[in-house]
Amino acid sequence: MRRRFTAFCLLVLSAAPAWAQVPDSAPARRPPTSTLSLAEALDLGRARSPDYLTALNDADPARWAVRNAYGSFLPSADVSGSMNYTGEGSSTFGGSSFVQSSPSLGSSYSIGLGWQFSGATIAGPGFQKANQRATEADIETARVNLTADITAQYLAALAAVAQTDAAHVQVARNQVFLDLARARYQVGQATLLDVRQAEVQKGNSDIALLRAQLDETDQKLELFRRMGVPAPADVDGVGLTNEFEVTEPQFAGDSLVALALAENPEYRALQALDDASKWSLRSARSQYLPSLSARAGWSGFTQEFTREETLVNNAYGGGLVAAENCRFQNDIITRLTSPLPYPNGGVIDDCNAYAGLNSAGTALDPAVEQSLLAANDQFPFEFQSQPFQASLTISLPLFTGFGRKLDVARARAARDDAQESVRRAELQIRTLVLSRLGALTTAHQAIAVQGANREAARDQLRLAQDRYRLGSGTSLELSDAQNAVSQAETDFINAVYAYHRAFVALEAIVGRPLR
């Protein structure tokens, strides 16, 4: 009996330092292979996040829509050109037949200026500028949501890191518990049931550690996904460097509501859409006013016959007819009793030259033929200009089958809907701001309560350890204390990060940082 007592005392003395070595804080981690701050995560997210970049892509079309609306006050301009080929043959148009004895090539151009003016033109810039403000607000909404999303996930990863550290501490505690249970069993101060109880406790903490490590990996992987970049190969080696301070909320509800109504981008987007709906109603009502349109244009064409011998033969045939007619007219004039008051009495001396023929009348005069061929050489750019054309039109629809009434009714309904959307959003913002402020205050209070619970659970564990070490406590009592302190530490970590998440949620609805 004396030997057992002596062994037990030695056991107590040897185990006491082991109990003292059980930490209440996380063990040192391996040095990180890389680090990531929240600012770096947000910068990467703004540069690579698909959701944010998708919203950002809408900015350029919105700017050009405003420019296009102002451009409607300016005339439009268009230029066109064409080339064509027409074969020989006859065609009928308007009951008359036209014969083309030679194929021809043709080209044409036209330059036109057009201008239209109506009530929709006047309303266009205001409508598009309101839409641009809505687009900019949507982009800001995407930026605020991205900031809240990445920040919340960064906090989730930090919480997972803290839970892993707490699980490491619990494994260390249960290892000491197991070592003491085995030592007591060896000297007959504990049963095999105590050893098995400690082994089960140690096994459960090992599993909890594995799960905590897996959750930490998953949360870091999710953080990189939300940033829009691939996670590094050693994602577990990424060290999160930001620390978030817990401070008591000192916000006034009315001030936060006023700030949210001024800064919340979703609310500002709805206000811009409401403004756009008013311009749309003005545009619909302008259908009752006259519209103006003007048009001015220049044009020209070419036509070149490809079979030049046909062109020359036709001209030669025409020249023969003209020469014969000339001689006929000369014969009539010479028979008149009184000469005509024209040079040479109206008689043409050389009818062949007059008709463009050579002196023998057997062919066209070479100079005439050359001039004819030169005049035919038009394709593709020797255009024959056409007269300038311009027109001005004033239009006033008298009856459109109640279409204007329908457009105005729809535009008025859309405006009323937009106004109600703004009012609905205002009520929602007021509710959410006060609700999330209350959640933040409650989360801050919960940290104090959970901190006190953690300290009480740690004291309970130390008492249970001392009782078990001295032989007055049971392994079941110590196991319960171990479970209680593990749960208290988990609850404290959850309370701290619930506070930070509540802060992020409040900032998201306000639309700007609050710390």
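A: A disulfide is a pair of cysteine sulfur atoms within 2.5 Å. The structure holds one. This is a predicted model, in which local features need pLDDT of at least 70 and side-chain atom pairs need 80 or more, while totals for chains, interfaces and linings use all residues. Numbering runs from 1 along each chain as its sequence is written, and side-chain values use heavy atoms, without hydrogens or water.

The disulfide joins cysteine 326 to cysteine 351, with the sulfur atoms 2.1 Å apart. The angle about the S-S bond is -70°, and the link is left-handed. The two partners sit 25 residues apart, in distant parts of the chain. Cysteine 326 belongs to helix α9 (residues 308-334), and cysteine 351 to helix α10 (residues 351-354). Helices (H or I, at least four residues) and strands (E, at least two) are DSSP runs, numbered from the N terminus. Cysteine 326 has a relative accessible area of 4%, so it counts as buried. Cysteine 351 is buried too, at 6%. Buried is under 20%, exposed over 50%, partly exposed in between (1.4 Å probe, protein chains only).

Next, the packing. A nonpolar core joins buried Ala, Val, Leu, Ile, Met, Phe, Trp, Tyr and Cys through side-chain atoms within 4.5 Å. The largest one has 53 residues; Leu36, Ile150, Met227, Leu240, Tyr497 and Leu506 touch the most other members. Among the elements that give two or more residues to this core are α5 (119-186), α6 (192-227), β6 (238-240) and α12 (403-470). Helix α13 (475-510) also contributes, and gives the most, with 13 residues. A second, separate core has 15 residues, including Leu178, Tyr468, Ala481 and Val485.

Beyond its neighbours within four places in sequence, leucine 240 is in contact (heavy atoms within 4.5 Å) with Leu36, Tyr154, Ala157, Leu158 and Leu223.

The expected span is 1.5 Å times one less than the number of residues. For the 21 residues of α8 that gives 30 Å, and the end C-alpha atoms are 30 Å apart, so the two agree. Its buried residues include Pro265, Tyr267, Asp274 and Leu281. The cover over the buried residues of α8 includes α5, α7 and α12.

Asparagine 145 lies in helix α5. Its relative accessibility is 39%, so it is partly exposed. Asparagine 145 and glycine 511 are 366 residues apart in sequence, yet 9.0 Å apart in space, C-alpha to C-alpha.

Now confidence. pLDDT is the predictor's confidence in each residue, from 0 to 100. The protein averages 90, and 94% of the residues score at least 70. Confidence is highest in α2, at 96, and lowest in helix α1 (residues 2-20), at a mean of 44. Residues 1-21 fall below 50; this stretch has 22 contacts in the model beyond near neighbours in sequence. Where pLDDT is low, the predicted coordinates should not be read in detail.

Last, two backbone details. The peptide bond from phenylalanine 379 to proline 380 is cis, with omega near 5°. Proline 380 sits in the loop between α11 (366-376) and β8 (384-385). Phenylalanine 402 has phi near 65°, a positive value in a residue other than glycine. Its loop runs between β9 (389-395) and α12. Phenylalanine 402 is exposed, because its relative accessible area is 60%.
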